[in-house]
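These entries record what I looked up on strand pairing and on contacts between charged side chains.

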Amino acid sequence: MGMEEEEGAINGGEEGPGLAAAPHDRWVLLRPAQGSPRPSARYKHAAEVVQDKLYVVGGSRNGRSLSDVQVFDFRTSKWSALLLSPSRDSNQLNLENNAGNQPFPALASHSMVKWRNMLLVVAGNSRASTSNKVSVWFIDLETNSWSAVDTYGKVPMARGGQSVTLVGSRLIMFGGEDNKRRLLSDLHVLDLETMIWEEVKTEKGGPAPRYDHSAAVYAEHYLLIFGGSSHSTCFNDMYLLDLQTLEWSQPDTQGAHITPRSGHAGMMIDENWYIVGGGDNASGSTDTIVMNASKFVWSVVTSVSVRDPLACEGLTLCSATVDGEKFLIAFGGYNGKYNNEIFVMKPKPRNFVQPRLFQSPAAAAAAASVKAAYAVITATDEKTKDIVATDDLDVKRAEPGSSSKQMVAEIDALNGEKGELESRLAEVRSENSKLKDKLDMVKLSYGELTKELRSVENQLAAEGSRCQKLESQIAAAHKRLESASSLENELEALQQQISQAEQTMTTSQRRKSGGVWKWVGGSAEVSDNE
(Lines give C-alpha, C1' and ligand atoms only; values in the text may rest on other atoms or scores of the structure.)
Protein backbone atom coordinates (compact mmCIF):
# COMPACT_ATOMS: atom_id res chain seq x y z
CA MET A 1 0.00 0.00 0.00
CA GLY A 2 1.39 3.43 -0.95
CA MET A 3 2.33 5.99 1.63
CA GLU A 4 0.14 8.63 0.00
CA GLU A 5 -3.09 7.04 1.19
CA GLU A 6 -4.88 8.50 4.18
CA GLU A 7 -4.83 5.22 6.04
CA GLY A 8 -1.04 5.14 5.60
CA ALA A 9 -0.43 8.18 7.81
CA ILE A 10 -0.52 9.00 11.50
CA ASN A 11 -0.76 12.39 13.15
CA GLY A 12 1.75 13.70 15.63
CA GLY A 13 1.34 16.27 18.36
CA GLU A 14 -1.74 16.77 20.47
CA GLU A 15 -4.09 15.83 17.63
CA GLY A 16 -2.63 12.35 17.15
CA PRO A 17 -1.08 9.37 18.94
CA GLY A 18 2.31 9.78 17.23
CA LEU A 19 4.70 6.85 16.99
CA ALA A 20 2.58 4.65 19.24
CA ALA A 21 0.13 4.14 16.37
CA ALA A 22 2.78 2.87 13.93
CA PRO A 23 1.97 -0.68 12.73
CA HIS A 24 4.43 -3.56 12.56
CA ASP A 25 6.44 -4.03 9.34
CA ARG A 26 4.61 -1.31 7.40
CA TRP A 27 5.77 2.22 6.60
CA VAL A 28 3.44 5.06 7.55
CA LEU A 29 3.76 8.81 7.12
CA LEU A 30 4.23 10.74 10.36
CA ARG A 31 2.55 14.11 9.97
CA PRO A 32 4.01 17.02 11.98
CA ALA A 33 1.79 18.81 14.49
CA GLN A 34 -0.52 21.43 13.07
CA GLY A 35 1.27 24.73 12.53
CA SER A 36 4.75 23.19 12.61
CA PRO A 37 7.18 24.53 9.98
CA ARG A 38 8.74 22.09 7.54
CA PRO A 39 12.38 21.89 6.43
CA SER A 40 13.45 22.16 2.81
CA ALA A 41 13.10 18.91 0.90
CA ARG A 42 16.49 17.33 0.21
CA TYR A 43 18.62 14.24 -0.35
CA LYS A 44 22.21 13.15 0.32
CA HIS A 45 21.91 14.63 3.81
CA ALA A 46 22.84 13.04 7.16
CA ALA A 47 20.60 12.27 10.13
CA GLU A 48 20.80 10.91 13.67
CA VAL A 49 18.34 10.43 16.53
CA VAL A 50 19.46 11.79 19.92
CA GLN A 51 17.15 11.80 22.95
CA ASP A 52 13.81 11.61 21.10
CA LYS A 53 14.92 14.16 18.49
CA LEU A 54 15.81 13.66 14.84
CA TYR A 55 18.71 15.86 13.71
CA VAL A 56 19.03 16.45 9.94
CA VAL A 57 22.23 18.11 8.73
CA GLY A 58 22.87 19.55 5.26
CA GLY A 59 22.05 17.77 2.03
CA SER A 60 21.51 18.75 -1.58
CA ARG A 61 18.62 20.34 -3.48
CA ASN A 62 18.61 21.46 -7.12
CA GLY A 63 22.39 21.07 -7.29
CA ARG A 64 22.98 23.29 -4.26
CA SER A 65 24.40 22.04 -0.96
CA LEU A 66 22.61 23.01 2.26
CA SER A 67 24.14 24.13 5.56
CA ASP A 68 21.14 24.09 7.88
CA VAL A 69 20.46 21.81 10.85
CA GLN A 70 16.81 20.80 11.26
CA VAL A 71 15.37 19.11 14.36
CA PHE A 72 12.18 17.06 14.70
CA ASP A 73 10.96 16.44 18.26
CA PHE A 74 9.07 13.13 18.49
CA ARG A 75 7.41 14.25 21.73
CA THR A 76 5.82 17.36 20.24
CA SER A 77 5.95 16.29 16.55
CA LYS A 78 7.29 19.71 15.61
CA TRP A 79 10.14 20.83 13.36
CA SER A 80 12.56 23.58 14.33
CA ALA A 81 15.82 24.98 12.95
CA LEU A 82 18.89 24.64 15.15
CA LEU A 83 20.96 27.83 14.95
CA LEU A 84 24.63 26.99 15.45
CA SER A 85 27.44 29.34 16.37
CA PRO A 86 31.17 28.65 15.97
CA SER A 87 32.79 27.28 19.10
CA ARG A 88 35.12 29.61 21.03
CA ASP A 89 36.87 26.85 22.94
CA SER A 90 39.99 26.04 20.91
CA ASN A 91 41.45 23.78 23.60
CA GLN A 92 38.71 21.17 23.54
CA LEU A 93 39.32 18.18 21.22
CA ASN A 94 42.07 19.95 19.25
CA LEU A 95 39.58 22.31 17.65
CA GLU A 96 40.58 24.69 14.89
CA ASN A 97 40.09 28.43 15.35
CA ASN A 98 36.62 29.40 14.22
CA ALA A 99 36.64 33.17 14.00
CA GLY A 100 33.63 35.34 13.42
CA ASN A 101 30.09 34.11 12.88
CA GLN A 102 30.88 31.76 10.03
CA PRO A 103 27.92 29.38 9.44
CA PHE A 104 28.22 25.62 9.41
CA PRO A 105 29.59 24.45 6.02
CA ALA A 106 27.18 23.53 3.26
CA LEU A 107 27.60 19.77 2.74
CA ALA A 108 26.20 16.87 0.74
CA SER A 109 27.07 13.16 0.59
CA HIS A 110 28.61 13.38 4.07
CA SER A 111 28.35 10.99 7.04
CA MET A 112 27.32 11.61 10.65
CA VAL A 113 27.42 9.59 13.87
CA LYS A 114 26.62 10.36 17.50
CA TRP A 115 29.60 10.38 19.87
CA ARG A 116 29.33 11.42 23.50
CA ASN A 117 27.16 14.55 23.62
CA MET A 118 28.02 15.59 20.09
CA LEU A 119 27.30 14.83 16.47
CA LEU A 120 30.40 13.96 14.46
CA VAL A 121 30.22 14.99 10.77
CA VAL A 122 32.78 13.44 8.41
CA ALA A 123 33.78 14.05 4.77
CA GLY A 124 31.23 15.04 2.11
CA ASN A 125 31.19 17.38 -0.86
CA SER A 126 31.63 21.07 -0.06
CA ARG A 127 32.27 23.80 -2.61
CA ALA A 128 33.57 26.09 0.11
CA SER A 129 36.38 23.71 1.10
CA THR A 130 39.81 24.19 -0.50
CA SER A 131 41.40 21.15 1.17
CA ASN A 132 41.95 17.87 -0.63
CA LYS A 133 41.79 15.98 2.68
CA VAL A 134 38.81 14.67 4.63
CA SER A 135 37.36 17.24 7.01
CA VAL A 136 35.81 16.50 10.40
CA TRP A 137 33.36 18.68 12.35
CA PHE A 138 31.72 18.43 15.77
CA ILE A 139 28.25 19.76 16.58
CA ASP A 140 27.85 20.24 20.32
CA LEU A 141 24.18 19.68 21.20
CA GLU A 142 24.58 21.18 24.69
CA THR A 143 26.01 24.52 23.56
CA ASN A 144 24.49 24.57 20.03
CA SER A 145 27.94 25.27 18.58
CA TRP A 146 30.04 23.71 15.85
CA SER A 147 33.78 23.24 15.43
CA ALA A 148 36.14 22.10 12.73
CA VAL A 149 38.61 19.58 14.11
CA ASP A 150 42.33 19.13 13.46
CA THR A 151 43.14 15.51 12.65
CA TYR A 152 46.55 13.93 12.34
CA GLY A 153 48.27 10.89 10.93
CA LYS A 154 47.58 9.73 7.38
CA VAL A 155 44.51 11.86 6.67
CA PRO A 156 42.44 10.36 3.81
CA MET A 157 41.73 12.30 0.62
CA ALA A 158 38.48 14.26 0.47
CA ARG A 159 35.47 12.31 -0.75
CA GLY A 160 31.70 11.89 -0.80
CA GLY A 161 29.40 8.86 -0.81
CA GLN A 162 31.57 6.96 1.69
CA SER A 163 30.35 4.81 4.56
CA VAL A 164 31.21 5.62 8.18
CA THR A 165 30.57 3.35 11.17
CA LEU A 166 31.43 3.75 14.84
CA VAL A 167 33.05 0.94 16.85
CA GLY A 168 33.74 2.06 20.40
CA SER A 169 35.86 5.19 20.00
CA ARG A 170 37.05 4.30 16.51
CA LEU A 171 35.49 5.56 13.31
CA ILE A 172 35.74 3.23 10.29
CA MET A 173 35.46 4.83 6.83
CA PHE A 174 35.27 2.81 3.61
CA GLY A 175 35.17 3.74 -0.08
CA GLY A 176 33.47 6.72 -1.69
CA GLU A 177 34.28 9.00 -4.62
CA ASP A 178 36.99 11.67 -4.51
CA ASN A 179 36.83 15.22 -5.91
CA LYS A 180 38.05 13.99 -9.31
CA ARG A 181 35.28 11.35 -9.45
CA ARG A 182 37.71 8.50 -8.85
CA LEU A 183 36.11 5.55 -7.08
CA LEU A 184 37.73 4.35 -3.86
CA SER A 185 37.93 1.08 -1.94
CA ASP A 186 40.35 2.15 0.80
CA LEU A 187 39.75 1.63 4.51
CA HIS A 188 40.65 4.23 7.15
CA VAL A 189 40.23 4.35 10.93
CA LEU A 190 40.01 7.54 13.02
CA ASP A 191 40.76 7.25 16.74
CA LEU A 192 38.40 9.77 18.32
CA GLU A 193 40.47 9.90 21.51
CA THR A 194 43.64 11.05 19.72
CA MET A 195 42.12 12.29 16.41
CA ILE A 196 44.74 10.29 14.50
CA TRP A 197 43.89 8.70 11.15
CA GLU A 198 45.31 5.33 10.16
CA GLU A 199 45.04 3.64 6.76
CA VAL A 200 44.26 -0.04 7.22
CA LYS A 201 45.77 -2.54 4.81
CA THR A 202 43.52 -5.58 4.43
CA GLU A 203 43.94 -8.91 2.74
CA LYS A 204 42.93 -9.18 -0.92
CA GLY A 205 39.44 -10.11 -1.98
CA GLY A 206 37.62 -7.04 -0.68
CA PRO A 207 34.82 -5.07 -2.37
CA ALA A 208 35.36 -3.36 -5.71
CA PRO A 209 35.68 0.45 -5.59
CA ARG A 210 32.26 1.97 -5.00
CA TYR A 211 30.22 4.79 -3.48
CA ASP A 212 26.69 5.31 -2.12
CA HIS A 213 26.82 1.86 -0.44
CA SER A 214 25.81 1.01 3.13
CA ALA A 215 27.82 -0.36 6.04
CA ALA A 216 27.12 -1.73 9.49
CA VAL A 217 29.02 -3.30 12.37
CA TYR A 218 27.82 -6.58 13.88
CA ALA A 219 28.82 -7.79 17.36
CA GLU A 220 31.62 -5.19 17.50
CA HIS A 221 33.63 -7.68 15.46
CA TYR A 222 32.54 -7.59 11.81
CA LEU A 223 32.13 -4.79 9.27
CA LEU A 224 29.41 -5.45 6.68
CA ILE A 225 29.37 -3.71 3.27
CA PHE A 226 26.35 -3.97 0.97
CA GLY A 227 25.51 -2.63 -2.49
CA GLY A 228 26.58 0.72 -3.88
CA SER A 229 27.61 1.54 -7.42
CA SER A 230 30.42 2.32 -9.80
CA HIS A 231 30.02 4.79 -12.65
CA SER A 232 28.39 2.14 -14.83
CA THR A 233 26.67 -0.44 -12.65
CA CYS A 234 25.01 -1.06 -9.28
CA PHE A 235 25.87 -3.88 -6.90
CA ASN A 236 23.90 -6.31 -4.74
CA ASP A 237 26.91 -8.06 -3.24
CA MET A 238 27.80 -8.22 0.44
CA TYR A 239 31.25 -8.35 2.02
CA LEU A 240 32.34 -9.02 5.57
CA LEU A 241 35.56 -7.75 7.19
CA ASP A 242 36.87 -9.40 10.34
CA LEU A 243 38.05 -6.41 12.38
CA GLN A 244 40.57 -8.57 14.25
CA THR A 245 42.24 -10.46 11.40
CA LEU A 246 41.50 -7.73 8.78
CA GLU A 247 40.47 -10.40 6.28
CA TRP A 248 37.66 -9.87 3.80
CA SER A 249 35.15 -12.60 2.97
CA GLN A 250 32.00 -12.80 0.89
CA PRO A 251 29.46 -14.92 2.79
CA ASP A 252 26.97 -17.07 0.95
CA THR A 253 23.65 -15.42 1.70
CA GLN A 254 20.33 -17.25 1.64
CA GLY A 255 16.67 -16.37 1.44
CA ALA A 256 15.13 -13.73 -0.82
CA HIS A 257 16.93 -12.60 -3.98
CA ILE A 258 18.03 -8.98 -3.55
CA THR A 259 18.24 -6.65 -6.55
CA PRO A 260 21.22 -4.29 -7.07
CA ARG A 261 20.88 -0.85 -5.56
CA SER A 262 22.83 2.22 -4.49
CA GLY A 263 21.92 5.38 -2.61
CA HIS A 264 19.98 3.29 -0.08
CA ALA A 265 20.08 3.56 3.70
CA GLY A 266 20.66 0.91 6.34
CA MET A 267 20.24 0.46 10.09
CA MET A 268 21.23 -2.43 12.37
CA ILE A 269 18.75 -3.31 15.14
CA ASP A 270 20.02 -6.13 17.32
CA GLU A 271 21.19 -8.69 14.73
CA ASN A 272 18.84 -7.54 11.95
CA TRP A 273 20.17 -5.18 9.26
CA TYR A 274 17.33 -3.21 7.63
CA ILE A 275 17.82 -1.68 4.16
CA VAL A 276 15.38 0.80 2.58
CA GLY A 277 15.34 2.78 -0.65
CA GLY A 278 18.07 3.06 -3.24
CA GLY A 279 17.89 2.47 -6.97
CA ASP A 280 19.65 0.98 -9.99
CA ASN A 281 19.90 4.05 -12.28
CA ALA A 282 16.62 3.02 -13.92
CA SER A 283 14.10 2.95 -11.07
CA GLY A 284 13.88 3.14 -7.29
CA SER A 285 13.93 0.05 -5.09
CA THR A 286 10.43 -0.53 -3.74
CA ASP A 287 11.19 -3.23 -1.18
CA THR A 288 12.38 -2.84 2.39
CA ILE A 289 14.65 -5.78 3.14
CA VAL A 290 16.29 -7.20 6.24
CA MET A 291 19.25 -9.52 6.73
CA ASN A 292 19.85 -11.59 9.82
CA ALA A 293 23.55 -10.91 10.40
CA SER A 294 24.11 -14.09 12.39
CA LYS A 295 22.74 -16.40 9.69
CA PHE A 296 23.09 -14.28 6.50
CA VAL A 297 19.44 -14.78 5.54
CA TRP A 298 17.69 -12.08 3.49
CA SER A 299 13.94 -11.47 3.63
CA VAL A 300 11.56 -8.81 2.36
CA VAL A 301 9.80 -6.87 5.12
CA THR A 302 7.39 -4.80 3.03
CA SER A 303 7.05 -3.09 -0.34
CA VAL A 304 5.76 0.26 -1.58
CA SER A 305 4.62 1.53 -4.97
CA VAL A 306 7.09 2.65 -7.64
CA ARG A 307 6.21 6.34 -7.16
CA ASP A 308 6.23 6.19 -3.37
CA PRO A 309 8.61 8.68 -1.70
CA LEU A 310 10.44 5.74 -0.08
CA ALA A 311 11.39 4.29 -3.48
CA CYS A 312 14.13 6.88 -3.74
CA GLU A 313 17.86 7.51 -3.45
CA GLY A 314 19.78 9.62 -0.95
CA LEU A 315 17.44 9.12 2.02
CA THR A 316 18.49 8.44 5.63
CA LEU A 317 17.42 5.69 8.03
CA CYS A 318 17.69 5.96 11.82
CA SER A 319 16.41 4.01 14.78
CA ALA A 320 14.63 5.48 17.78
CA THR A 321 13.40 4.01 21.05
CA VAL A 322 10.25 5.71 22.33
CA ASP A 323 8.40 4.44 25.40
CA GLY A 324 10.44 1.24 25.28
CA GLU A 325 9.57 0.41 21.66
CA LYS A 326 12.00 0.53 18.73
CA PHE A 327 11.14 2.32 15.49
CA LEU A 328 12.79 2.87 12.11
CA ILE A 329 12.79 6.50 10.98
CA ALA A 330 13.23 7.38 7.26
CA PHE A 331 13.58 10.94 6.01
CA GLY A 332 14.19 12.75 2.71
CA GLY A 333 15.38 11.37 -0.62
CA TYR A 334 14.85 11.99 -4.32
CA ASN A 335 12.87 9.96 -6.90
CA GLY A 336 12.19 12.69 -9.45
CA LYS A 337 10.90 14.85 -6.63
CA TYR A 338 12.66 15.98 -3.46
CA ASN A 339 11.10 14.75 -0.23
CA ASN A 340 10.87 16.26 3.27
CA GLU A 341 8.52 13.78 4.92
CA ILE A 342 9.14 11.43 7.86
CA PHE A 343 8.11 7.78 7.54
CA VAL A 344 8.13 5.38 10.49
CA MET A 345 7.90 1.62 10.87
CA LYS A 346 7.80 -0.58 13.94
CA PRO A 347 9.91 -3.70 13.20
CA LYS A 348 8.26 -6.97 14.13
CA PRO A 349 10.40 -9.27 16.31
CA ARG A 350 12.03 -11.74 13.94
CA ASN A 351 12.83 -15.39 14.59
CA PHE A 352 14.96 -17.11 11.99
CA VAL A 353 14.60 -20.59 13.52
CA GLN A 354 15.08 -23.55 11.22
CA PRO A 355 11.78 -24.69 9.62
CA ARG A 356 10.80 -28.26 10.35
CA LEU A 357 11.51 -30.04 7.09
CA PHE A 358 11.85 -33.64 8.21
CA GLN A 359 8.49 -34.57 9.67
CA SER A 360 7.34 -37.85 8.11
CA PRO A 361 7.39 -39.71 4.79
CA ALA A 362 4.89 -37.11 3.59
CA ALA A 363 7.53 -34.43 4.08
CA ALA A 364 9.80 -36.16 1.58
CA ALA A 365 7.08 -35.96 -1.04
CA ALA A 366 6.43 -32.32 -0.21
CA ALA A 367 10.13 -31.58 -0.65
CA ALA A 368 9.72 -32.25 -4.36
CA SER A 369 7.55 -29.16 -4.62
CA VAL A 370 8.89 -25.68 -5.15
CA LYS A 371 7.98 -24.58 -1.64
CA ALA A 372 9.86 -27.35 0.05
CA ALA A 373 12.85 -26.87 -2.27
CA TYR A 374 12.95 -23.17 -1.47
CA ALA A 375 12.68 -23.92 2.24
CA VAL A 376 15.64 -26.24 1.93
CA ILE A 377 17.65 -23.49 0.26
CA THR A 378 17.10 -21.20 3.23
CA ALA A 379 18.14 -23.91 5.67
CA THR A 380 21.64 -24.18 7.19
CA ASP A 381 23.60 -27.13 8.41
CA GLU A 382 23.42 -25.83 11.98
CA LYS A 383 19.65 -25.65 11.81
CA THR A 384 19.45 -29.16 10.38
CA LYS A 385 21.03 -30.51 13.55
CA ASP A 386 18.21 -29.00 15.59
CA ILE A 387 15.59 -30.94 13.64
CA VAL A 388 16.33 -34.13 15.50
CA ALA A 389 15.16 -32.43 18.70
CA THR A 390 11.84 -31.20 17.29
CA ASP A 391 8.44 -32.53 18.21
CA ASP A 392 8.04 -33.86 14.67
CA LEU A 393 10.07 -36.89 15.61
CA ASP A 394 7.18 -38.06 17.76
CA VAL A 395 6.01 -40.29 14.90
CA LYS A 396 9.43 -41.92 14.88
CA ARG A 397 9.86 -42.37 18.62
CA ALA A 398 9.91 -45.93 19.83
CA GLU A 399 6.77 -47.03 21.61
CA PRO A 400 7.10 -48.54 25.08
CA GLY A 401 8.66 -51.96 24.77
CA SER A 402 9.98 -51.48 21.23
CA SER A 403 13.49 -52.68 20.50
CA SER A 404 16.54 -50.46 19.93
CA LYS A 405 16.94 -52.06 16.48
CA GLN A 406 13.65 -50.58 15.38
CA MET A 407 14.85 -47.16 16.59
CA VAL A 408 18.08 -47.51 14.58
CA ALA A 409 16.10 -48.49 11.48
CA GLU A 410 13.90 -45.44 11.80
CA ILE A 411 16.97 -43.19 12.23
CA ASP A 412 18.51 -44.76 9.11
CA ALA A 413 15.29 -44.01 7.24
CA LEU A 414 15.51 -40.39 8.37
CA ASN A 415 19.11 -40.18 7.20
CA GLY A 416 18.01 -41.53 3.84
CA GLU A 417 15.33 -38.86 3.60
CA LYS A 418 17.92 -36.24 4.55
CA GLY A 419 20.30 -37.45 1.84
CA GLU A 420 17.56 -37.33 -0.79
CA LEU A 421 16.56 -33.80 0.20
CA GLU A 422 20.19 -32.66 0.19
CA SER A 423 20.55 -34.04 -3.32
CA ARG A 424 17.47 -32.13 -4.43
CA LEU A 425 18.82 -29.07 -2.64
CA ALA A 426 21.99 -29.24 -4.75
CA GLU A 427 19.89 -29.52 -7.91
CA VAL A 428 17.71 -26.57 -6.94
CA ARG A 429 20.76 -24.44 -6.13
CA SER A 430 22.30 -25.32 -9.48
CA GLU A 431 19.11 -24.39 -11.30
CA ASN A 432 18.85 -21.21 -9.25
CA SER A 433 22.41 -20.26 -10.22
CA LYS A 434 21.60 -20.82 -13.91
CA LEU A 435 18.47 -18.68 -13.63
CA LYS A 436 20.46 -15.91 -11.95
CA ASP A 437 23.01 -16.01 -14.77
CA LYS A 438 20.23 -15.80 -17.37
CA LEU A 439 18.64 -12.95 -15.45
CA ASP A 440 21.94 -11.07 -15.37
CA MET A 441 22.31 -11.56 -19.15
CA VAL A 442 18.77 -10.29 -19.72
CA LYS A 443 19.47 -7.26 -17.54
CA LEU A 444 22.69 -6.59 -19.46
CA SER A 445 20.89 -6.89 -22.80
CA TYR A 446 18.12 -4.65 -21.51
CA GLY A 447 20.68 -2.04 -20.47
CA GLU A 448 22.37 -2.13 -23.88
CA LEU A 449 19.03 -1.90 -25.71
CA THR A 450 18.04 1.01 -23.50
CA LYS A 451 21.24 2.83 -24.42
CA GLU A 452 20.64 2.14 -28.14
CA LEU A 453 17.06 3.36 -27.81
CA ARG A 454 18.20 6.58 -26.17
CA SER A 455 20.78 7.05 -28.91
CA VAL A 456 18.13 6.58 -31.61
CA GLU A 457 15.79 8.95 -29.78
CA ASN A 458 18.55 11.56 -29.67
CA GLN A 459 19.19 11.10 -33.40
CA LEU A 460 15.47 11.42 -34.16
CA ALA A 461 15.32 14.57 -32.08
CA ALA A 462 18.30 15.99 -33.98
CA GLU A 463 16.70 15.09 -37.34
CA GLY A 464 13.43 16.62 -36.20
CA SER A 465 15.22 19.84 -35.31
CA ARG A 466 16.95 19.78 -38.71
CA CYS A 467 13.61 19.29 -40.47
CA GLN A 468 12.15 22.26 -38.63
CA LYS A 469 15.07 24.40 -39.77
CA LEU A 470 14.62 23.24 -43.39
CA GLU A 471 10.89 23.99 -43.25
CA SER A 472 11.59 27.50 -42.00
CA GLN A 473 14.14 27.98 -44.80
CA ILE A 474 11.62 26.72 -47.40
CA ALA A 475 8.98 29.12 -46.06
CA ALA A 476 11.44 32.00 -46.37
CA ALA A 477 12.29 30.93 -49.94
CA HIS A 478 8.56 30.88 -50.80
CA LYS A 479 8.23 34.41 -49.51
CA ARG A 480 11.18 35.51 -51.61
CA LEU A 481 9.67 33.81 -54.68
CA GLU A 482 6.37 35.62 -54.12
CA SER A 483 8.29 38.88 -53.88
CA ALA A 484 10.13 38.06 -57.13
CA SER A 485 6.85 37.37 -58.95
CA SER A 486 5.54 40.75 -57.83
CA LEU A 487 8.72 42.42 -59.05
CA GLU A 488 8.35 40.71 -62.44
CA ASN A 489 4.82 42.11 -62.80
CA GLU A 490 6.05 45.58 -61.93
CA LEU A 491 8.91 45.19 -64.44
CA GLU A 492 6.48 44.20 -67.20
CA ALA A 493 4.30 47.22 -66.42
CA LEU A 494 7.36 49.51 -66.56
CA GLN A 495 8.42 47.94 -69.83
CA GLN A 496 4.95 48.60 -71.27
CA GLN A 497 5.12 52.19 -70.08
CA ILE A 498 8.56 52.60 -71.61
CA SER A 499 7.31 51.09 -74.89
CA GLN A 500 4.34 53.46 -74.97
CA ALA A 501 6.63 56.40 -74.20
CA GLU A 502 8.98 55.39 -76.98
CA GLN A 503 6.07 55.14 -79.45
CA THR A 504 4.83 58.57 -78.41
CA MET A 505 8.28 60.08 -78.89
CA THR A 506 8.64 58.49 -82.35
CA THR A 507 5.30 59.91 -83.49
CA SER A 508 6.21 63.34 -82.18
CA GLN A 509 9.55 63.30 -83.94
CA ARG A 510 7.93 62.35 -87.28
CA ARG A 511 5.46 65.17 -86.99
CA LYS A 512 8.21 67.66 -86.27
CA SER A 513 10.34 66.41 -89.22
CA GLY A 514 7.44 66.83 -91.79
CA GLY A 515 6.90 70.50 -90.86
CA VAL A 516 10.51 71.47 -91.49
CA TRP A 517 10.62 70.02 -94.98
CA LYS A 518 7.38 71.73 -95.70
CA TRP A 519 8.84 75.02 -94.58
CA VAL A 520 11.96 74.45 -96.64
CA GLY A 521 9.88 73.67 -99.73
CA GLY A 522 7.78 76.80 -99.19
CA SER A 523 10.89 79.01 -99.04
CA ALA A 524 12.13 77.65 -102.35
CA GLU A 525 8.88 78.55 -104.06
CA VAL A 526 9.11 82.08 -102.76
CA SER A 527 12.62 82.50 -104.26
CA ASP A 528 11.54 81.32 -107.70
CA ASN A 529 8.68 83.74 -107.83
CA GLU A 530 10.98 86.59 -107.19
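I looked up Leu29 and found that it stands opposite Phe343 in β29. Strands β2 and β29 (residues 342-345) run antiparallel and are joined by 3 bridges. On its other pairing, I noted that Leu29 in β2 is the bridge partner of Ala9. Here 3 bridges join β1 (residues 9-11) to β2 (residues 28-31), and the two run parallel. I took strands as DSSP runs of E of at least two residues, numbered from the N terminus, and counted two strands as paired if DSSP finds at least two bridges between them.

The model is predicted: local features need pLDDT of at least 70, side-chain atom pairs count only at pLDDT 80 or more, and totals for chains, interfaces and linings use all residues. Residues are numbered from 1 along each chain as its sequence is written, and side-chain values use heavy atoms, with hydrogens and water left out.

I then turned to salt bridges (a side-chain nitrogen of Lys or Arg within 4 Å of a carboxyl oxygen of Asp or Glu). The count comes to 14. Arg42 pairs with Asp68 in one of them, with the closest N and O atoms 2.8 Å apart. Arg42 lies in the loop between β2 and β3 (46-50) and Asp68 in β5 (residues 64-73), so the pair ties together parts 26 residues apart in sequence. For accessibility I used relative accessible area (buried under 20%, exposed over 50%, partly exposed in between; 1.4 Å probe, protein chains only). Arg42 is buried at 0%, whereas Asp68 is partly exposed at 22%.

I also recorded a salt bridge between Asp52 and Arg75, at 3.0 Å between the closest N and O atoms. Asp52, Arg75 and Asp323 are linked in a salt-bridge network.

Methods: Helices (H or I, at least four residues) and strands (E, at least two) are DSSP runs, numbered from the N terminus.
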